[in-house]
Amino acid sequence: MSIKTELSGLIFNEPLLWEKGKKGRSSFSIPERDVETFEFDENLKRDVPELPELSELDVVRHYVRLSQWNFGVDTGMYPLGSCTMKYNPKINDKLANIEGFSNIHPLLPEEFSQGCLEFIYRLSKCLIEITGMDAVTLQPAAGAHGELLGMLIISAFHKNKGEKRNKLIIPDTAHGTNPASATLCGYKPVQAKSNKKGILDKDVISELMDDETAGILLTNPNTLGLYEENIKEISDIVHAKGGLVYGDGANLNAIMGIVDLGKTGIDILHLNLHKTFSAPHGGGGPGAGPVCVKNHLEPYLPVPRVLYDGNKYSLDYDCPKSVGKLQAFYGNFGVLIKAYAYILSLGSENIKRVSQLAVLNANYIKEKLKKEYHLPYDKPCMHEAVFTDKFQQKYGISTLDIAKRLIDYGFHPPTIYFPLAVKNAIMIEPTETESLETIDDFIEVMKKIAEEAEKTPLLLKDAPHLSKTERLDEVLAARKPKLKD
Amino acid sequence: MSEINNLTFPKTLFYSNDHEWLKLNEDNTLSVGITDYAQDQLGDIVFVELPEVGKILNKGDELCTVESVKSVSEIYIPVSCEVISVNTNLEDKPELINKNPYDKGWLALVKMKDKSELDALLRKDQYMNMLKGI
Amino acid sequence: MRFFPHTEKDIAHMLENIGIDSVDRLFDQIPPETKIKDELNSTKSIDEFSLIKHFKELAGKNTVSDNHSTSFLGAGSYNHFVPEIVPFLSSRSEFTTSYTPYQPEISQGTLQSIYEYQTLICRLFEMEVANASIYDGASSLAEAILMATRITKKNRIAISATVHPLYRLVINTYLTPLECEIIELPSLQDGTINISKIENDKDLAALIVQSPNFFGCIEDLAMVNQTAKEHESLSINVFTEPMAYGLINSPGSQGADITCGEGQSFGLPLSFGGPYLGIFATKQKYVRNMPGRLVGKTVDKAGKPGFVLTLATREQHIRREKATSNICTNNNLCALIASIYLASLGGNGLQTLAKLNYDKSEYLKSALKKAGLKIPFVTPTFNEFVVDMGKNSKEKYNELLSKNIVAGLPLEKYYPEMENCYLMNVTEVISKKEMDRFVDEVAL
């Protein structure tokens, strides 16, 4: 039996904030004034800012209606490949907001913030255990921020040895942030092509690796959803020529508790707490991108480090080799709390289960859809499966059309047109929190869409029909950008 | 993406492997643009970043970039030259490249350094053969 | 475990369809020497009830809470009152559990709210275009500097020493690998920027000033921005306390090329330093060089208005190594929170609240003066100022800590010449009574 998702209901229109409200309305209860007014230099004073004046109900209705136009994980299945859109436990959100965490100023004297410092220390230990690395910083705000830190560490490492290396090997399957992060550090990305099996060959790396190459940036499993089987040999090759291995941990959901990342030869690894560790994506952030390193790179981690002397926790800024600082304070603390709550809720014994079920779900979908959709790599995948629109092209249907039609059936589309290494990719990552019934429903709908592609392609070309808007004119938005009212 | 036979490639023009067309003008200057195939591949063009007038370019240098919504393409000049003028109409109407790639959608007017470099360029038949091989 | 919906039957059914006999087979291609040998066992699964107790216990070790203490700490993180509708609306799970709006048709909630945010920021700071957020004020400033180097093609910057010391540390970190030269401009006696050091220097990518600066002093942005123009460099005006701009002349009206800084004051909790909100705005002519996501207005096939991400060709997923930044995930929800906060305040509300902040801190300032303490900088300040507590200030500071009063931020660590100076911040949440009590404690 499968659960059918049927769509009906009202979608309210809602104007822009300044199109509602009236001068004189207000919804803010300003704290009382218990001091006299003081003179303020008229030359410094501005006119009243041009912000809308709304009543409290105006504001509430506005944002409630806006929220109803959004599709979240809480609405339905969100199989966005590479993003790990798993269920976000609500207790995590509550814990991030309890008094004693949410109201703690970052610059309080250390004796007043022992709870926060202990928390950072404990979460650090958990992440070290899960990854098999030696040390960690929780400071980066997102995966890309962690990548930047990784590049800075690589750069500092070589500079410290008196070497000037200006290249970095980056696979053709890499996420766009990888080459962008490399450039931010002055590195020239050198592309390594994946082989016919969709993974990296050690011979290809051997050819590219030289004394001018600082190292390699790889993602494992890679963005095709395939495990980089040769990662240890590749790491050895890079290390032999004095380079470092950076691991993009965005796909950790496939191998958590199963692979000891430390043993794969990775020197630096970033994690995405808003992916693997269930912190909510927030419509685009905030995230958290902790970076784990092996012992020899610990001195380069950003300041401050959290120390524990058996009695007290403290912040240590005395780290002469540290690359510096990435944010004003210690990281996205509110996000870290959610990840820690998640790890404790799971317990060590369930960390592995997450990956097992995530990979099981993805392989099930892969098997069930490979007749209807072209599967470029017909082999066991990890937590995500990549298809293409090859079978549907003969009806004039593209990956985009398939994605838009899924919306009409109540599913968020998968990631499309990424990775670039696969033409017109459709990357499906169900995650472990989707049930068999939901997945069967998704499979049934995908099969229906394949049939529609053949028999009634217009339904796809015009999709979506049921959402707040139909397909939007992105060309107009790019030619004549209107970025504010 | 259209069939090659439905696209246009005027006989009088020179073509490059990177899908540019070049027109030798009477005063020996060259008008440059991208071919019907290129604009068809790129899709709706939303922005063109044109070079500065007076810029000196070597054969194979980047002349400009052409953007669609989801991609950016670098356009390389197949001859050494100096940029004399650029098509400023493209600032407001980048879609001219899609509608009229050989005429109103021209990119730049350049002065060649070495006229013999034209010999290395393709003519219509050679260009179309190259396309059919893609 | 309640996050896993699979039953044993479900798993058996799926394995059968895949054609394997156990879940372990799915990991056969992983070389055994890289697999975890001993099972992870450091933490046992904790039930929800116990989890709450555990966290409350941890939180209880943070021995400062609103009821029992007074903190005059600011310095980039400000304790403002947040009305209930802000967390109520921003925690709706349609906002929190959705991702980057790559499928705009089902993300119009996020997209319209960000378009509104961009507009509100532009109106408040009187700038022409704003992005959808950077991580925090410091990283926002770093991105602004990188943008300036790209636009001017120069590799040197001049930055005031009155910019937040932790921001300057972050700038150093971002600029080190690019070998960008950083010229630090010392401050004047009155606590404001001293631009004399860059006289005749036409080789600067950017001139950076913070206002209100780290000492709370309001800088002469018009003068600084004009100087930058005369020196053929871009002007970057950074802030840590955006509340000030409810009252003070906006950076845009004073000629800033880029305005950036911290938005935490607009509805975000202190939360031990994050997540905060990097605000970033600039002139229209620089838009293609801007980092970060942008939302634009458009129409759909039926002609109905809607919003989409646009100008994405600047970003990493398209431009890759030539992108304007590597940023992907930003601080979107924090931008939403700031929008809701500003929407509920309104323009008049913001100015009234800003004036209240100003008056409260002026009250403390004047009371401290009357009590015999020195206020080293005569320049007008917003809600932060420096006070010199005189000899034995450290003992006094610690004594006050034992009474649950945090007497601001000791400045010696950041400015060794200011050894008895403390940065005091007063917002609308500090009462006259608390301030009077403090003054009594420190009066000379």
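Analyst: Happy to, and let's begin in chain C of this predicted model. C:Leu311 counts as buried because 24 C-beta neighbours lie inside 10 Å, and the label asks for 20 or more.

User: What makes the phi of C:Leu311 worth a remark?

Analyst: Its phi is near 55°, a positive value in a residue other than glycine. Most residues other than glycine have a negative phi. As for its place in the chain, C:Leu311 sits in the loop between β10 (305–309) and α9 (316–319) of chain C.

User: Why is C:Arg320 called buried?

Analyst: C:Arg320 has 22 other C-beta atoms within 10 Å, and the cut-off is 20 or more, so the label applies. C:Arg320 also has a positive phi, about 50°, although it is not a glycine. You will find C:Arg320 in the loop between α9 and α10 (332–370) of chain C.

User: Which peptide bond in chain C is cis, and what is its omega?

Analyst: That is the bond joining C:Ser211 and C:Pro212, with omega about -10°. C:Pro212 belongs to the loop between β5 (206–210) and α8 (221–230) of chain C. Chain A has a cis bond as well, from A:Val303 to A:Pro304, where omega is near -5°. A:Pro304 lies in the loop between β7 (291–293) and β8 (305–308) of chain A. Most peptide bonds are trans.

User: Where do the domain bounds of chain C fall?

Analyst: Domain 1 takes in 70–82 + 347–442, and domain 2 covers 85–341. Those bounds come from an automatic or database domain assignment. The C-alpha centres of the two domains of chain C are 27 Å apart. Their contact draws 25 residues from domain 1 of chain C and 28 residues from domain 2 of chain C.

User: Which elements give two or more residues to the domain 1 side of that contact in chain C?

Analyst: They are α10 and β11 (384–388) of chain C. The most comes from α10(C), with seven residues. By class, this side of domain 1 of chain C has 14 nonpolar, nine polar and two charged residues.

User: How many residues does chain C bring to its contact with chain B?

Analyst: Four residues of chain C are in contact with four residues of chain B. On the chain C side, they divide into two nonpolar, one polar and one charged.

User: Now to chain B. How do you know that β9(B) pairs with β8 of chain B?

Analyst: Strand β8 (residues 81–86) of chain B and β9(B) share five bridges, and pairing takes at least two, so they pair. The sense is antiparallel. Within this pair, B:Val83 stands opposite B:Val110 in β9(B).

User: What makes β3 of chain B a partner of β9 of chain B?

Analyst: Four bridges join β3 (residues 29–34) to β9 (residues 108–112) in chain B. At least two are needed, so this counts as a pair too. These strands also run antiparallel, and B:Val32 stands opposite B:Ala108 in β9(B).

User: In what order do the elements of chain B come?

Analyst: From the N terminus on, they run β-β-β-α-β-β-β-β-β-α-α-β-α, which comes to four helices and nine strands.

Key:
Residues numbered from 1 in each chain as written. Chains lettered and ligands numbered in written order. Predicted model: local features only at pLDDT ≥ 70, side-chain atom pairs only at ≥ 80, totals over all residues. Contact = placed C-beta atoms within 7 Å. Nonpolar A, V, L, I, M, F, W, Y, C, P; charged D, E, K, R; others polar. Buried ≥ 20, exposed ≤ 12 C-beta atoms within 10 Å, placed from the backbone.
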